[in-house]
Amino acid sequence: METSHNIHDYCVILAGGQGARFWPLSREEKPKQFIDFFGMGRSLLQQTFDRMQKVCNTDQIYILTQQNYVPLVQEQIPEIPVRHILPEPMRRNTAPAVVWAVLHIYARDPNANVVVVPSDQVIMRDDLFVKDIDEGLEFVEKEHEMLTIAVKPTRPETNYGYIQISDETKGNLHRMKSFVEKPELEFAKFFVESGEFYWNTAIFLWSVKAFLHNARELYPEWASRMDEARPNWTSREEEIQVIQQNYGMTPNLSIDAAMLEKSGKIFVKPCSFGWVDMGNWENYYDTSPKDHKDNVIPESNAVCYDCTGNIIHAPQGKYVVADGLKDFVVIDNPDLLVICPRKNASKWKKYVNDVQINLGDKYI
């Protein structure tokens, strides 16, 4: 029996990304959020949905995805009615998608509070996560402020955003002072050593009224267009048609850039529930269990000699023999074999682009 939660608390799960940095396991027809990376029987999206059911009623969870991924969402999350799957009409960025979701929820409940979560993150402690999100939802409902969840950095990471907190507080939460996206290594080292900076998790909470007020201040022309169109949403079909007509004119921004770089009117809640952004194979390596030589070999389908620090991933039923590999990624698919040093994780999109140019979309 489902636990009853606050009737004004809603969740939006972002599940429209391509996951190019996990290619070739993550492919255009089935990107990383729909893959079970750890052999747990649940994909990253399914794990996110399971977690958010501990925060919101199932009927108050929405999933944003690409139109061609709607059947995958329905297959993996049959509990979600199709009206709660919001299909983006084109690849844009997360800000326009989130604005649509917030407007959709606002039409249903003008007093709603919303938590926005990516579908490709690993959370180690669900109990602490749920506690922190519940406290965050109480804060945004009471204070009508916008809130982001942040975690203490454990290393100088150049692929994450860094949030600096100020001395201004409300309760135990700090107003954000500055935000830096993907800094150079020397800056990342300084941020970690200073103790004033936290990693951005891209988990946001707000009341719909606070969010829409902020959006109208930042993007008045766009917000005005959407406000004028919204009364015409008398059915799902009309709503999607209106979105299709206006989506191409929306700012091509991530929700992180829109809220943290452009606005700055946001509070920060530092948390410690064990967070990993599954952004690339290096993140996967950090998160995964390893053998006595620090190799990550799912299903143990490899025989290794003098191999350390590798990721070796092959299809079920296929075995790999490796000798003398150190800190490599070996990903074998039926039609693709990729071998490269782990340190080259940042080049993964280049590999994808070059293969697409030289071999065509079949391998993407």
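Biologist: What makes Val 303, Tyr 305 and Val 321 a nonpolar surface patch?

Modeller: In this predicted model, these three residues make a nonpolar patch of about 310 Å². Nonpolar side chains (Val, Leu, Ile, Met, Phe, Trp, Tyr) are joined within 5 Å, like charges within 9 Å. Accessible areas come from the Shrake-Rupley method with a 1.4 Å probe, and for residues only the protein chains shown count as cover.

Biologist: Why is Tyr 305 called partly exposed?

Modeller: Buried means under 20% relative accessible area, exposed over 50%, and partly exposed in between. Tyr 305 has 47% relative accessibility and therefore counts as partly exposed. Tyr 305 lies in strand E12 (residues 302-305); strands (E, at least two residues) and helices (H or I, at least four) are DSSP runs numbered from the N terminus.

Biologist: Why is the pair of Tyr 160 and Trp 275 called edge-to-face?

Modeller: Rings of Phe, Tyr and Trp (its six-membered ring) pair if their centres lie within 6.5 Å; planes under 30 degrees apart count as stacked, over 60 as edge-to-face and the rest as tilted. Tyr 160 and Trp 275 are 5.2 Å apart centre to centre, with 65° between the planes, and form an edge-to-face pair. Tyr 160 lies in the loop between E6 and E7 and Trp 275 in strand E11 (residues 275-277), so the pair ties together parts 115 residues apart in sequence. Tyr 160, at 5% relative accessible area, is buried, and Trp 275 counts as buried at 10%.

Biologist: What makes helix H9 mostly covered?

Modeller: Seven of the nine residues of H9 (residues 255-263) are buried, including Met 259.

Biologist: Which residues touch the most other members of the largest nonpolar core?

Modeller: A nonpolar core is a set of buried Ala, Val, Leu, Ile, Met, Phe, Trp, Tyr and Cys residues joined through side-chain atoms within 4.5 Å. Of its 48 residues, Trp 206, Phe 211 and Met 259 touch the most other members. H3 gives the most to this core, with nine residues.

Key. Residues numbered from 1 in each chain as written. Predicted model: local features only at pLDDT ≥ 70, side-chain atom pairs only at ≥ 80, totals over all residues. Heavy atoms only, no water. Buried < 20%, exposed > 50% of the residue type's maximum accessible area, 1.4 Å probe, protein only. Patch = residues over 30% accessible without salt bridge, like charges linked within 9 Å, V, L, I, M, F, W, Y side chains within 5 Å. Salt bridge = Lys/Arg side-chain N within 4 Å of Asp/Glu carboxyl O.
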